[in-house]
Every structure is written in C-alpha cells, then in structure tokens.
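Have a look at the sequence and the model, then try each task before reading its solution.

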Amino acid sequence: GIPMPSLNSATPLPSPLLLPSRRWAKSPFQAAAIVLLTVLFLIDCDRAATQAIVHDEALTWQFYLAGPASAIFEHYDANNHFLATLLFRLSTSLFGVSAFAMRLPILLAGAWYFWTVFRLGILVFEDGWLFLATVGLLTLNPILLDFLVAARGYGLAIATLFWALLQMITYLRELPAADPRPQRRRLVKAATGVAGAVAANL
C-alpha cells in the first residue's frame, strides 16, 4: 500500500497555504511568458513616452481635449472613441498635457490585456508549449502593439473584449454550480466587458 505519514512523525507536513496552486504553479513556460509580457510592457512604456504624436491623436486633442469637456458630448466624429476620450480627458487633467499623459489610459489597458491573455492561456492550456504559444500569438502582433500605445480606443476595446472572453470561458468551465450567484457575477462582468469594448471603439 501507499505509505501514509504518521501524525507522530517528526517531519512536519506542509501547510496547505504553502502548497503551490495548481492553477498558478510557476513553470519555465509561465516564467517565460511573464518575462515576455514584462518586456513588452516596458517597450510600450518607452514608446508611449517617446513616440511622436500621430494624426488621429492630434485630432482627438484638438477636437475634444484642448477645449471644453462638453465637446465630447456635443460633437460626434469617428475619431471620438467615447470611453477612451473620457479617459484621455481625465488623464491629461490629472497629469498635465503630454503625449505620455494622453496615452496613459491605453498603456494601462495594455497591461490589463497582457494580464488577461496570461490568465486565458492558463485557463485553456494550463501550461506547456501551447500555453506559451498562445501568449506569444496574442501579444506579438506589431499592429496590436501599436494599438496598445497610441491614444485611440482600439487598445482599450481589445482589453475589455478579451476580459469579457475570460469571464465567459470561466463561466462555462464552472457549470454546473451549486451556488449560481458567482456565475451570475461572471455574466455581469462579461456583459460589462463587451459594453466597454463597444463604448471604447464607438
């Protein structure tokens, strides 16, 4: 039979709090993903601080940020990504007028997106090469990385949409559940994420 530790054994049993969680257990693949996402975020930070303002960012500033805040609600233009524009206004009001301050909400959305992709990879593949490949494929697209820097609504929309996807996959994995309340909260979070994606890119 399998030997069981004696309660009188001098060797202490490990505390459950010290045992690594199966879901969050570190591995070379997860460590590589964390390094990759950290490097990408640092590159995004550098680009947000040093990259020249592009045409659409300049229009957003001229139309909706340089003047009164009421312009955000009074004039609609395809350049007005509503939720993102509100966040740009808040950020430049708090941190002053600079390219980095204007891009800060999207930079934070990029960090959120990286975190969501990491959790999605663990949820679907747990570990291994498929997990690492998923993280890489969802984060290394150059156009995507541009959207996670520029003061536009696309990066925020991607982050909120993938967060909604994470909530929906988690909801489906948890079915059936004895207590439906956590599942309802998952659905509310998913709906909020989808609504945020629309509002950020409208």
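This is a predicted model: local features need pLDDT of at least 70, side-chain atom pairs count only at pLDDT 80 or more; totals for chains, interfaces and linings use all residues.

Residues are numbered from 1 along each chain as its sequence is written, and side-chain values use heavy atoms, with hydrogens and water left out.

**Exercise 1.** Work out how many helices and strands the protein chain has.

*Solution.* Start with the rule: helices are DSSP runs of H or I with at least four residues, strands are runs of E with at least two, and both are numbered from the N terminus. Counting this way gives nine helices and zero strands. Next, the burial: 37% of the 202 residues count as buried (under 20% relative accessible area; exposed is over 50%, partly exposed in between, with a 1.4 Å probe and protein chains only).

**Exercise 2.** Decide how α8 and α9 lie: roughly parallel or roughly antiparallel?

*Solution.* First find α8 at residues 154-173 and α9 at residues 181-201. Their axes (lines fitted to C-alpha atoms over the stretch in contact, with angles from 0 to 180 degrees between N-to-C directions) come within 8 Å and cross at roughly 160°. Angles over 145 degrees count as roughly antiparallel, and under 35 as roughly parallel, so α8 and α9 are roughly antiparallel. Now look at who touches whom, with contact meaning heavy atoms within 4.5 Å: W163 and Q167 are among the α8 residues involved, and R186 and G193 among those of α9.

**Exercise 3.** Find which residues touch the most other members of the largest nonpolar core.

*Solution.* Such a core is a set of buried Ala, Val, Leu, Ile, Met, Phe, Trp, Tyr and Cys residues joined through side-chain atoms within 4.5 Å. The largest one has 30 residues, and F88, Y113, F114 and F131 touch the most other members. Then ask where the core's residues come from: α5 (99-125) gives the largest share, 10 residues. Finally, zoom in on F114: leaving aside neighbours within four places in sequence, its contacts are L37, L40, F41, D44, T139, L145 and L148.

**Exercise 4.** Is R186 buried or exposed?

*Solution.* Locate R186 in helix α9. Its relative accessible area is 18%, so R186 is buried. Beyond neighbours within four places in sequence, R186 is in contact with Q167, T170, Y171 and E174.

Terms used:
Angles under 35 degrees count as roughly parallel, over 145 as roughly antiparallel, 65 to 115 as roughly perpendicular and the rest as oblique.
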